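My entries are in the order in which I looked things up.

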Amino acid sequence: MAKVQVLNVAVLDNPSPFGNPFQFEITFECMEDLPEDLEWKIIYVGSAESEEYDQTLDSVLVGPVPAGRHMFVFQADAPNTGLIPESDAVGVTVALITCTYNGQEFIRIGYYVNNEYTDPELRENPPVKPDYTQLQRNILASNPRVTRFHINWDGCSDKMEDSENVDPSPNSSSSSSMVPSSCLAGKALPVGLLSGNSMDCL
Amino acid sequence: MKLLKPSWVSHNGKPIFSVDIHPDGTKFATGGQGEDSGKVVIWNMAPVLREEDEKNVNIPKMLCQMDNHLACVNCVRWSNTGLYLASGGDDKLVMVWKRAAFIGPSTVFGSSSKLANVEQWRCVTILRNHTGDVMDVAWSPHDVWLASCSVDNTIVIWNARKFPEIVASLKGHTGLVKGLTWDPVGKYIASQADDHSLKVWRTMDWQQETNITKPFNECGGTTHVLRLSWSPDGQYLVSAHAMNNSGPTAQIIERDGWKTNMDFVGHRKAVTVVKFNPKIFKKKQRNGSSPKPSCPYCCCAVGSKDRSLSVWLTSLKRPLVVIHDLFDKSIMDISWTLNGLGILVCSMDGTVAYLNFSQDELGDPLNEDEKNAIHQNIYGKSLAITTEAQLSTTIIENPEMLKYQQERQRAEQVNHRMTHEAQAHKLTSVVNGESLEDIRKNLLKKQVETRTADGRRRITPLCIAQLDTGDFSPALFNSVPILPGSASQLTSQLSSDSNTATSNLDPLSTPLGSKAPDDAKDRSVASSLNTTAMKSNLLLTTSTKMEPMKALDSRFTERSKVMPGVTISMATPSSEKEPCCVVAIPVAVLKLPTPTPQKAFTLQVSTEPPVYLEVENDVSAVSGAKLSQLRCSREGREWDTLLPSRVITAAGSSDVVAVACEDRMLSVFSACGRRLLPAILLPATMSALHCSGFYVMALTACTECTVSQSLLTQQGVPVIGLSNGKSYCFNSSLETWNLIADKQDSLVQCADFKNCISSQDAPVSQGPLALTQGHNLNAGRLASRLSSTPHHLQHGMTLVFLENQLASALTLRSSTEYHYWLLIYARFLVTEGSDYRLRELCKDLLGPVHKSAGSAWEPTTLGLRKRDLLRELLPVIGQNLHFQRLFTEYQDQLELLGNK
């Protein structure tokens with residue numbers, strides 16, 4: 001069974017200017033003392049089209065982890081704008097937090113991230129070359145997508161078993177985490193319209 | 001008989017392998033296959049029992065589900081106390097679950113469903129030893145042991161008081177072991193396996209008592225489980241799948257000589273599970289019929305692969321009832337309610353059935369007294385503890401007692417409600433994060449980040465709660481990281497590094513302060529505003545930008561194929577970097593050979609408030625004379641003093657500091673560094689020095705035996721522990737050394753008083769008696785082997801042990817421990833019915849009713865008022881109605897005294 005359960009992730013400093021560091025306050029619970037550190041990573045998806053543009057913003061080791069409930073803040077620098085395709089700079093993308101133990105990923109927490117100009121002028125007529133200083137980053141903190149994977153917690157040698165576990169994992173992801181995007185949009189529509197109107201008034 | 005199939009009890013159609021009703025009858029657990037893991041679910045019993053509760057949407061049906069098992073769960077079993085749940089599964093693990101009291105309903109992070117776990121059951125231990133699927137688990141009577149059996153052909157006996165200690169591993173089966181049952185008397189455990197055998201093992205030496213094979217020779221094929229059962233009177237053991245004349249049976253094995261002459265016949269396919277009713281019955285006496293004495297009998301339910309269930313009474317030749325086609329697939333497990341009238345049955349088809357009998361059908365259940373009498377008759381001892389049920393049959397003789405009993409019940413209910421409210425309150429505070437808000441505000445700044453050898457960031461997480469309690473205690477000591485630089489100071493108290501800074505322990509005592517709750521509120525309001533604003537922003541775009549979203553969606557669930565960039569190798573922290581939280585209690589382990597003078601050393605002598613001593617020898621002074629310097633820092637204030645000789649050892653408490661020098665001089669200083677006494681010349685060189693409160697103990701090197709441990713209690717009673725396992729304390733009134741702990745004392749090991757420890761008593765692990773006996777004390781280690789000693793002998797041993805404890809606590813002047821042991825002692829006397837002793841105890845506590853000058857009676861003992869103690873004991877005495885006269889007598893006298 002999973003020795004580590006993530007209980008909560010709070011997104012700090014959100015929304016914030018694009019250049020601000022990411023800050024996640026992570027609360028997790030550990031069943032028993034872990035001999036090894038946990039490795040946490042923040043991955044910024046530069047483009048929906050290809051994994052090529054993924055950036056690992058940072059990775060930290062977290063330890064020692066005795067049995068109990070723990071929390072820490074994971075802060076990582078904003079993505080390197082040079083590595084983001086210009087066409088994908090504005091709009092919706094994804095930030096991922098992953099945690100691995102002994103090199104095996106056991107949880108993946110995904111957030112939608114929306115990058116938008118705050119200035120209505122710029123929003124109407126976005127510059128061809130994205131102006132990152134004017135961009136605001138919004139992380140949809142209320143709707144994390146959590147996928148859990150079974151891993152071998154007792155040793156690092158059993159890579160075989162690990163790879164066996166990988167196969168069924170897409171199905172294994174808890175059903176709750178798989179809210180289809182259409183549903184998301186559908187639910188959001190009335191709210192979205194309302195706020196849209198109010199913005200027009202402004 | 002009523003039959004019901006609650007359709008809501010399901011694992012989404014997946015097979016249910018095991019079912020067990022909680023001893024208090026309010027809930028039950030099921031175990032089986034989950035979506036991609038094993039699953040244990042705890043259900044509310046009320047909706048099964050009552051239709052109106054089933055329809056009431058406010059009454060939860062599912063209380064908790066745990067999918068922590070990696071593979072199918074084959075067995076779930078409540079402990080006899082109901083505090084624990086054990087589960088065993090195909091993942092080779094046994095997990096022991098306990099309810100977390102202070103955490104209320106919660107959802108799983110990231111899950112959108114509103115279904116919360118009403119109760120929180122968390123795994124407290126994982127028992128790993130089996131190399132194959134665990135098929136069955138069983139708690140021994142009194143929850144001393146937990147047994148588990150596995151397809152690895154072994155049975156493992158775990159020490160249920162000290163998980164994960166293994167008491168024994170029973171080897172001998174040559175096939176998959178699929179069922180276990182304990183003898184209710186505690187003398188045996190029986191197992192049934194695929195190797196066509198049923199083995200009975202002794203609990204005394206864990207060797208095989210007998211091996212029964214004949215009824216199983218013909219058994220072909222395999223059943224998933226072979227759950228056998230022992231009758232509540234201990235006389236019969238009934239096996240699962242056996243064969244007789246090529247027909248499937250459940251074999252009855254008599255305890256007397258392990259004879260196999262009878263069986264339950266009639267099932268068309270193999271018997272998978274047998275379960276005895278926990279009650280013993282006697283024929284219902286009808287009005288008018290001649291009251292002829294009828295033999296008590298047992299009741300047994302048998303489930304089979306043929307999907308039918310039969311219920312038998314040992315007094316009848318034919319089954320009481322047979323229910324065919326109850327399920328679509330094989331029956332897997334059966335559980336009776338504790339009152340013996342209800343039964344839950346589960347099946348491979350994923351459904352559960354509930355049967356309810358009336359007393360007319362089964363007979364009159366014997367009460368605990370009668371059941372005990374039967375045990376007493378057969379085995380010469382009673383097995384049961386005084387219980388609520390037992391009391392209900394005794395007539396209450398006076399109104400006081402009745403009032404008391406009713407009050408007690410009411411108090412229990414109120415208590416119950418209060419704990420619930422407390423839980424709810426606790427929950428909200430946790431959910432709102434109020435208690436955590438201060439921590440969270442500064443977490444980023446406060447958390448310790450280091451670099452590993454290969455330059456990677458490493459964050460030490462802040463521990464916000466212990467697991468077992470679920471209590472939130474901000475910044476527990478062990479969670480606060482200690483930088484490598486300061487670690488040495490804590491690890492080796494006598495380190496020679498005198499330069500170590502002493503101030504960096506400050507954050508330990510003041511964990512992050514408690515500031516600005518208003519601020520916190522503002523912040524959460526602000527953040528919630530932010531989220532809503534942000535959400536609407538985001539969602540507006542979401543609807544217009546669907547295409548890339550789809551592409552992004554896959555990213556949530558796919559594990560990275562290649563670990564991008566970062567190396568996976570974990571830097572194993574070197575030992576010195578490992579933050580260390582060991583602060584040795586001021587108990588040194590010293591041999592009598594005197595310590596050699598060191599150049600310098602530092603030690604912490606008290607944590608509350610933090611006091612540090614620093615000693616530097618051979619500080620050069622004028623004209624070649626060597627001086628020693630003693631420096632003491634206490635809450636940031638420092639003082640120092642000089643000594644003419646080299647300091648061998650030093651000790652201190654929050655009130656005094658003592659140092660012993662090479663010239664056999666002992667100097668004592670006040671907390672502020674004032675010299676309290678002229679230097680004392682000791683008869684021999686100093687060996688060890690201890691301070692506690694205002695007391696100083698000096699142990700000189702002239703004694704002959706090896707002292708392995710010595711300490712001074714808070715009350716100033718010197719205690720020494722010798723290497724032969726004996727501990728003595730000094731009785732200043734007798735001026736003798738009294739024995740207070742003996743490791744080898746067989747009395748201690750056989751004492752059985754566990755029943756008398758109430759869960760409300762905080763275990764006293766801090767008192768001087770507990771400290772001395774500490775690891776030496778194996779009290780009750782052998783106690784559970786009921787069979788190894790005759791009951792009256794064990795009774796005597798326990799009595800002696802408890803009286804010893806009382807006397808020791810008295811000598812040690814440890815009032816909390818005296819109080820603790822007095823309560824246990826009283827409870828023991830009450831349960832065991834020792835009238836004379838109880839009377840004497842009460843008499844002493846009450847003292848003379850009329851004041852007389854000649855009386856030597858002291859109204860207090862160790863600062864506790866004796867009559868208050870008696871007042872505390874009376875409810876305990878009142879628990880056993882046998883003592884109601886004693887109860888009334890002393891109740892009246894106390895009242896009388898109170899009125900005066």
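I began with strand 16 and strand 17 (residues 208-212) of chain B, which pair in the antiparallel sense over four bridges; strands here are DSSP runs of E, at least two residues long, numbered from the N terminus, and two of them pair if DSSP finds at least two bridges between them. Within this pair I noted T210(B) of strand 17 as the bridge partner of V200(B). The hairpin of the two has five residues between the strands, and W206(B) takes a positive phi near 60° there.

This is a predicted model, in which local features need pLDDT of at least 70, side-chain atom pairs count only at pLDDT 80 or more, and totals for chains, interfaces and linings use all residues. Residues are numbered from 1 along each chain as its sequence is written, chains are lettered from A and ligands numbered from 1 in the order in which they are written, and side-chain values use heavy atoms, with hydrogens and water left out.

I then turned to the other partner, strand 15 (residues 188-193) of chain B, which pairs with strand 16 of chain B in the antiparallel sense over six bridges. Here Q192(B) stands opposite L198(B), and in the hairpin, with three residues between the strands, H196(B) takes a positive phi near 60°.
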